[in-house]
Amino acid sequence: MTLERELTARKALVAIGSNLAVGGTSPPDLVGNAINRLSLLPGGVTARSRIYRTPAIPENSGPDYANAAVQFGWWDTAESLLALLHGIEADAGRRRGARWGPRTLDLDLIALGDMVAPDEDTWREWRNLPPEELAIQAPDRLVLPHPRLQDRAFVLVPLADIAPDWRHPVTGLSVLRMLELLPPGQASDARPVDSNSLPKAPGGTIWPAGSTAPGDDTWHA
Ligand code: A4P
Ligand code: MG
């Protein structure tokens, strides 16, 4: 690692999603556990959103999701961070099946500082992919910022809790502006299921173990 890398932490923004329980652990618990894992990093998690309940996108593609977002400093490469995120997903029983199918844990690297990867032209290609292609294609290398972040209330609503003024390095739009540009009604579909916006101590749970939102059974295994 170069001296410059050692000294300069870039701000990582990570979106977390889950809509499949595993071993009696509910989606909001899986999200809370992932936040706790990331809190163990040097420097810890510097901001965490509330956990939201959101309808699955595309419509009727599965149970509701628990979604959240966190921010932390990262000193190493973007690829090494994605590998760490994939390791945490695997530990939560993530199996890559159908594209956009139900998942125990999805950790998307939304942004790393103002990095654009692999380059602006490739980012634009992924960003402008037609919907029918989007449903079947997944990038085989890191694309940053995440090419669909501006389209998704389940990413932007939690992000607005922790980084409302963060600006997209290509479009220049802030998180709040991207939220305003969503089709009417989408942002209000996201409902907070916890009111605690402060980081928890590592190892603590954020949602009572095994619980789901009142009156709902779609999150049971
Ligand atoms: N990859 C490239 N760039 C990135 C990046 N910036 N962050 C690669 C994360 N991964 C990145 O990802 C597919 C491939 O993209 C991987 O090989 C990775 O190295 P994946 O996590 O295996 O698949 P995915 O999650 O199905 O794809 P993607 O593109 O992350 O989909 P989304 O946009 O996350 O959609 N509805 C609600 N309400 N809430 C959700 O959280 N999530 C999805 C998944 C669909 N519907 C949802 C939710
Ligand atoms: Mg993903």
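Let's start with the shell around ligand 1. By class, 13 of its residues are nonpolar, four are polar and five are charged. Keep in mind that this is a predicted model.

Who sits around the ligand? The shell has 22 residues, and those that come nearest to ligand 1 are G17, T54, Y65, A138 and F154. Now the elements. Strand 4, residues 65-74, supplies at least two residues of the shell, and so does strand 5, residues 106-112. Strand 5 has the largest share, with three residues.

Next, the core. In soluble globular proteins, nonpolar side chains tend to be buried together. Here, the largest nonpolar core has 45 residues. V14, I16 and L159 have the most contacts inside this core.

Leave out residues up to four places away in sequence, and L159 touches L13, A69, I110 and V175.

Last stop, T25. Find it in the loop between strand 1 and helix 2. Is T25 buried or exposed? Buried, because T25 has 22 C-beta neighbours inside 10 Å, and the cut-off for buried is 20 or more. One more pair to check on screen: T25 and T104. They are 79 residues apart in sequence, yet their C-alpha atoms are 9.4 Å apart in space.

Technical notes: Residues numbered from 1 in each chain as written. Chains lettered and ligands numbered in written order. Predicted model: local features only at pLDDT ≥ 70, side-chain atom pairs only at ≥ 80, totals over all residues. Near = placed C-beta within 6 Å. Helix = DSSP H or I, 4+ residues; strand = E, 2+ residues; numbered from the N terminus. Nonpolar A, V, L, I, M, F, W, Y, C, P; charged D, E, K, R; others polar. Core = buried A, V, L, I, M, F, W, Y, C linked by C-beta atoms within 7 Å. Buried ≥ 20, exposed ≤ 12 C-beta atoms within 10 Å, placed from the backbone. Contact = placed C-beta atoms within 7 Å.
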